[in-house]
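Reader: I would like to learn how to read strands, helices and rings in a model. Could we take one feature at a time?

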Amino acid sequence: MNANPELAEFITKRIGHGWEKDLTKLKELEKFADDDASLDELIQIKRHNKEALVEFLKHKQNEFLDPDSIFDVQVKRLHEYKRQLLNVLHIMYLYNKIIEDPSYNAPNRTFIFGAKSASGYRRAKSIIKLINTVAERVNNDRRIGGKLRVVFIENYRVSVAEKIFPAADVSEQISTAGKEASGTSNMKFMVNGALTMGTLDGANIEIFEEAGKDNGFVFGLTTPEILKMEEEHSYNPQQYLERNPALNKVVEQLVDGTYDPTRQIFKEIHDSLVYGVEGQRPDVYYVLADFDKYVKAQEQVAKAYLDKKGWARKALINIANSGKFSSDRTIEDYVRDIWHLKKVVVEDSEIKNA
């Protein structure tokens, strides 16, 4: 209601008040999933929110974004298991593809990152450095004709998140399956009408159950598949590099001078993927194993985005099915199933007198 007032008004106009205190009522929005006027209005609301983020970043960071592009967003703590690295390797792959094939025609994309790392987490800081280095290269290359832009938002925090979530088209929830206990940014994106690009991990599983897998983009190894590989010690990242020349090129660009003339700054990232470092086996978080599936899921995003009404319909269904993720619903479950408490009803008059 505070961060996305246009969307709040859109909801109230259709289902009335009451959803503000009982988010499960959002389910009533589903009956408007095929209403053209509602979908058109939802498209306009998203556009206004994107324009607001464009203005914010223009004044704060001197970034000039295209509101007609896909806003593909990953904002969360920087950690290897959350796989911001998979995201940036895909951006490097797309950049290569555009340079090598000028006829490559896909919707323009803006990749937005926001993150902080723990102060002593060296590799996380190296990934932040890589994202910004790739951004500098991509954003200043006129050959790509505005097809690609990368932004790392400074000092990511709640007041900035309030501008990001309403503006996002795609919500990046790409942690290695089995590593994320829950996560909550995926829920904030969902209720604001972004479509989830995600692995079957954490709360993503419930998001895809509630909204339907057809209204998001599912990819990647599952937890049982990963556990099986770990038990058998059967994972060999070299196989994925040998099978996929485009992936091999991207990984080698970390150390061949493309992004760093010294060839040293990103060497640890490269070696962690290919050889393993500090006693760890290579590619602990299966970035290379999931890369090809991630690329294919991103191709589905590009195709789906061309159908504006279809995309808006998916967004509406996500909003309508986000009620389960209210903290009120969680506490209700605890009261009923775990604590077995009786509710105390407090009358409005008692609240006013207090």
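**Rings, strands and helices**

Author: K163 lies over the face of F56, at 5.0 Å from the ring centre. A charge sits over a ring if NZ of Lys or CZ of Arg is within 6 Å of the ring centre and within 35 degrees of the ring normal. The charged end of K50 also sits over a ring, that of F71, 4.7 Å from its centre. This is a predicted model: local features need pLDDT of at least 70, side-chain atom pairs count only at pLDDT 80 or more, and totals for chains, interfaces and linings use all residues. Residues are numbered from 1 along each chain as its sequence is written, and side-chain values use heavy atoms, with hydrogens and water left out.

Reader: How many aromatic pairs does the structure hold?

Author: Rings of Phe, Tyr and Trp (its six-membered ring) pair if their centres lie within 6.5 Å; planes under 30 degrees apart count as stacked, over 60 as edge-to-face and the rest as tilted. The structure holds eight aromatic pairs. One of them, Y235 with Y240, is tilted, at 5.7 Å centre to centre and 50° between the planes. F217, Y305 and W311 form one aromatic cluster.

Reader: Is Y235 buried or exposed?

Author: Buried means under 20% relative accessible area, exposed over 50%, partly exposed in between (1.4 Å probe, protein chains only). Y235 has 12% relative accessibility, so Y235 counts as buried.

Reader: Why is strand β2 largely enclosed by the rest of the structure?

Author: Helices (H or I, at least four residues) and strands (E, at least two) are DSSP runs, numbered from the N terminus. Strand β2 covers residues 109–114, and six of its six residues are buried, so β2 is largely enclosed. Both of its faces are covered. R109, F111 and F113 are buried on one side, and T110, I112 and G114 on the other.

Reader: Which strands pair with β2?

Author: Two strands pair if DSSP finds at least two bridges between them. β1 and β2 run parallel, joined by six bridges. D72 has F111 as its bridge partner in β2. The chain crosses from β1 through α3 to β2, a right-handed β-α-β crossover. Right-handed means that, with the strands pointing away from the viewer, the path from the first strand over the helix to the second runs clockwise. β2 also pairs with strand β3 (residues 148–152), in the parallel sense, over five bridges. There, F113 has F152 as its bridge partner in β3. The chain crosses from β2 through helix α4 (residues 122–139) to β3, and this β-α-β crossover is right-handed.

Reader: What span should α4 have?

Author: The expected span of a helix is 1.5 Å times one less than its number of residues. The 18 residues of α4 should span 26 Å, and its end C-alpha atoms are 26 Å apart, which agrees.

Reader: What do the buried residues of α4 pack against?

Author: They pack against α3, β2, β3 and α11 (267–274). Among the buried residues are I127, I128, L130 and I131.

Reader: Where does H79 lie?

Author: H79 lies in the loop between β1 (70–75) and α3 (84–100). At 18% relative accessibility, H79 counts as buried. Contact means heavy atoms within 4.5 Å. Leaving aside neighbours within four places in sequence, H79 is in contact with Q84, Y121 and Y285.

Reader: Which residues is V287 in contact with?

Author: V287 lies in helix α12 (residues 287–305) and is buried, with a relative accessible area of 4%. Beyond its neighbours within four places in sequence, V287 is in contact with R83, L86, L89 and L273.
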